[in-house]
Number of protein chains: 2
Amino acid sequence: MTIAETIRGLAARAKEAARNVAALDTGRKNRLLESMAEALLREQDAIRRENEKDLAAGRAKGLSSAMLDRLALSDKVMNSMVTGLREVAALPDPVGEIADLIKRPSGIVVGRMRIPLGVIGMIYESRPNVTVDAAALCLKSGNAILLRGGSEAIYSNLALARVLQDCLRAEGVDPAAIQVIPTTEREAVTEMLQLEELIDLIIPRGGEGLIRFVAENSRIPVLKHYKGVCHVFVDAGADFEMATRIVMNGKVQRPGVCNALETLLVHHEAAPAFLPQVGAALAAAGVEIRGCPETRSILPQAKEAAPTDWGKEFLDLILAVKVVPDLDAAMDHIVRYGSQHTESIVTNDYAHAQRFLREVDASAVMVNASTRFNDGGQFGLGAEIGISTTKLHAYGPMGLKELTTQKFIVYGEGQIRA
Amino acid sequence: MTIAETIRGLAARAKEAARNVAALDTGRKNRLLESMAEALLREQDAIRRENEKDLAAGRAKGLSSAMLDRLALSDKVMNSMVTGLREVAALPDPVGEIADLIKRPSGIVVGRMRIPLGVIGMIYESRPNVTVDAAALCLKSGNAILLRGGSEAIYSNLALARVLQDCLRAEGVDPAAIQVIPTTEREAVTEMLQLEELIDLIIPRGGEGLIRFVAENSRIPVLKHYKGVCHVFVDAGADFEMATRIVMNGKVQRPGVCNALETLLVHHEAAPAFLPQVGAALAAAGVEIRGCPETRSILPQAKEAAPTDWGKEFLDLILAVKVVPDLDAAMDHIVRYGSQHTESIVTNDYAHAQRFLREVDASAVMVNASTRFNDGGQFGLGAEIGISTTKLHAYGPMGLKELTTQKFIVYGEGQIRA
């Protein structure tokens, strides 16, 4: 069998299984998730042995210790997968919900029923726990999932999928509802992306290179974000202590994630008093400042920002800082350099807060809050399968609801159209 | 300037204008729509002169009288455009609506604000009234629109766009919010479909060939339906009079549209009594029946259905008829041959009605109602810009709300993430 035939076969089985999982009731899905949590605990030694093969191969290939860390199914990671399964079981089931029922002049009653999307294709890099997290969200939302993880995690991913599939089989559910692609060739991804009649949605998670490759080669709709270039704008008259707290949290708490702060914009009236205050806090935390000329006139220790530093996702203890004349200039900067991920204003001006919320185009727009809050858990969606910075279908964190759609339903009594 | 440069220039101006129209308040948008209605009436002679050029060219090219009819801006069509503009003005404005506000344990208040998508690219065939209808819906939903109509309507489309743009200009709104692509080369479409950073959504309207071309060549998300192969399943124990009424309405009232009925499925227990009744009504209306062997044993006048008649969009007074053993067989047939457009069951069995509504995957699923109801106006969405049979973003008729998305908004008081 060629790779193309293998992938098509897996996707065709996933489509068959999708009809099966779409029809499962909530109790049965929750029991399945609980049995999966138990099975992971019960079979952790076997899973660890497969994970060890990946780790050994990774060490032989000379992977960095950070990469090996992400690959390892430590006790902590195993426990987080088990907890994750139970948390997804506890979330409300979106499938079958009927909304917006209305009686029309013709006499028909029209509403919308929430339904699964069908088959989700997930393409991701090394962390094997994504296999379980994504499978749980797809199962609960009534979707089948076809998983294509990184080649360095192949043994771990296959072992995890086997445990989950055994649980499906034991409950009489089609095990093809959760499948890991067993081949590591890149061609498998390219083939997967052509199967528009079998796969309904592609979700890539990983570096910008992977995501661009997927977006450029996919015939299937893709929900993605390339990067998070998040800004905080500190307005004139803002509470500088609050602003410092929000800047520090955005930049320092976890600099390597997509909702971390990358550029600070400061109203020029606020700059003389605020920049020394935030500058001292940033320096104490070891953050390198790359400033515009006006910033550097106030903070001489700041480096000169290169033109490429605006709009850059540092993912590191580096912050670009720019002084702007007013709110409009701040919003213009965000339009030009932002990534439609997360933008925040620190202000005490009611009209400015309202304008910023209304006019800034990003998946999450905030007033007086840290950009780090852009997260499914923090927003109350429960676990998230990714964050979308595309506007179609979902914009922002994607939870269970975003893995579904709505169809129209009509209750009639024999009505015909006049 | 090459065609590619022309198209890119128009799209870039549309993107600029999108920021402008996104910020318009409801009153201003409604006044604009009203002024457009007045301007169309005032300038109808000038518009008709341009339309006459298209008609003359069409006659010279030997277009069919049906095609010329669709092209003509008759009094009736002019009035329907004017009425359409006023109806869109009367619809509620979805932009800026804030929903699902919730206070999270961290203290932040999270909600979703409805926002425009940005720039809509519309690719459509001959009817020039689509130019005005689509522009009105995009303006009201805060989007800019780039219109690419059929080459045979180019003078009409440009004349209509000029009138609409004059109204925008008079109100101080960027006229690039409504633009008709002034070149008729096919290359213009191909170029348009590459501009993923400038155009947010493509909506094609026309024949299956056009839609497939767009879907296969677009780097931009496409909301589309290829065809409507709608089924009615008449269950055992159904009210045969009601079933006949629904079948006749679906097949005969307007056979050339996508929500017309194409295949009738009949429960084998219902067949002996129902088929003669519906067969007589169909024959009286001049409908050709193409039946399965069991159908033909009851209705000897029926032709033999070819295998390709199942799943065929006849768009004509032709109906495929099949007798099936039970509800499951009917749903299996629909899975195999349906187009996820509109499916209806005629039944008096409560459990069957519920199963059909839940399990059938189509943009609209109905009980005891004509498939002809799948329409934005009938469903209460107001005017529609198209019907989507793709599940991402919108499934079914697309009104104003489907031309928008939601971003997350956060009201904080200085909260940071722990």
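The stops below pass from the whole assembly to its sheets, helices and single residues.

**Conventions.** This is a predicted model, in which local features need pLDDT of at least 70 and side-chain atom pairs count only at pLDDT 80 or more, while totals for chains, interfaces and linings use all residues. Residues are numbered from 1 along each chain as its sequence is written, and chains are lettered from A and ligands numbered from 1 in the order in which they are written.

**Stop 1: both chains.** A:H393 belongs to the loop between β14 (386-388) and β15 (396-398) of chain A. Its phi is positive, about 75°, although A:H393 is not a glycine. A:H393 counts as buried because it has 20 C-beta neighbours inside 10 Å (buried: 20 or more other C-beta atoms within 10 Å of its own, with C-beta atoms placed from the backbone).

**Stop 2: the interface.** Now select the residues of each chain that are in contact with the other chain (C-beta atoms, placed from the backbone, within 7 Å). Chain A gives 54 residues and chain B gives 54 residues. On the side of chain A, the elements that each supply at least two residues are β2 (109-116), α10 (240-252), α14 (350-359), β13 (364-369), α15 (376-379) and β16 (404-415). Helices (H or I, at least four residues) and strands (E, at least two) are DSSP runs, numbered from the N terminus. The largest share, eleven residues, comes from β16(A). By class, this side of chain A has 26 nonpolar, 17 polar and eleven charged residues (Ala, Val, Leu, Ile, Met, Phe, Trp, Tyr, Cys and Pro count as nonpolar, Asp, Glu, Lys and Arg as charged, and the others, Gly among them, as polar). Since 100% of the interface residues of chain A are also interface residues in chain B, the copies meet through the same surface.

Stop 3: Select β13(A) and β16 (404-415) of chain B, which pair in the parallel sense over five bridges (strands pair if DSSP finds at least two bridges between them). Here A:A369 stands opposite B:Q415 in β16(B). Also in β13 of chain A is A:N368, a residue other than glycine with a positive phi near 55°.

**Stop 4: the ten-stranded sheet.** Which strands make up the open sheet of ten? The order is β1(A)-β2(A)-β16(A)-β13(B)-β12(B)-β7(B)-β8(B)-β11(B)-β9(B)-β10(B), with mixed pairing. Its edge strands are β1 (98-103) of chain A and β10 (303-304) of chain B, each pairing on one side only. Within this sheet, select β9 (288-291) and β11 (318-324) of chain B, which pair in the parallel sense over four bridges; B:E288 stands opposite B:I318.

**Stop 5: the four-stranded sheet.** In chain B, a further open sheet has the order β5-β4-β3-β6, with parallel pairing. Its edge strands are β5 (178-180) and β6 (201-205) of chain B. Five bridges join β3 (119-124) of chain B to β6(B), and B:I123 stands opposite B:P204.

**Stop 6: a helix pair.** Select α3 (44-61) and α7 (154-170) of chain B, which pack at about 160° with their axes 7 Å apart. Axes are lines fitted to C-alpha atoms, for helices over the stretch in contact, and angles run from 0 to 180 degrees between N-to-C directions. The two helices, α3(B) and α7(B), are therefore roughly antiparallel (angles over 145 degrees). Residues that meet include B:A46 and B:I47 in α3(B), and B:I154 and B:Y155 in α7(B).

**Stop 7: A:V119.** Finally, select A:V119 in β3 (119-124) of chain A. A:V119 counts as buried because 28 C-beta neighbours lie inside 10 Å. Among the residues it touches are A:A11, A:A144 and A:D200.

Key:
Parallel < 35°, antiparallel > 145°, perpendicular 65-115°, else oblique. Contact = placed C-beta atoms within 7 Å. Buried ≥ 20, exposed ≤ 12 C-beta atoms within 10 Å, placed from the backbone. Lists of a residue's contacts leave out its neighbours within four places in sequence.
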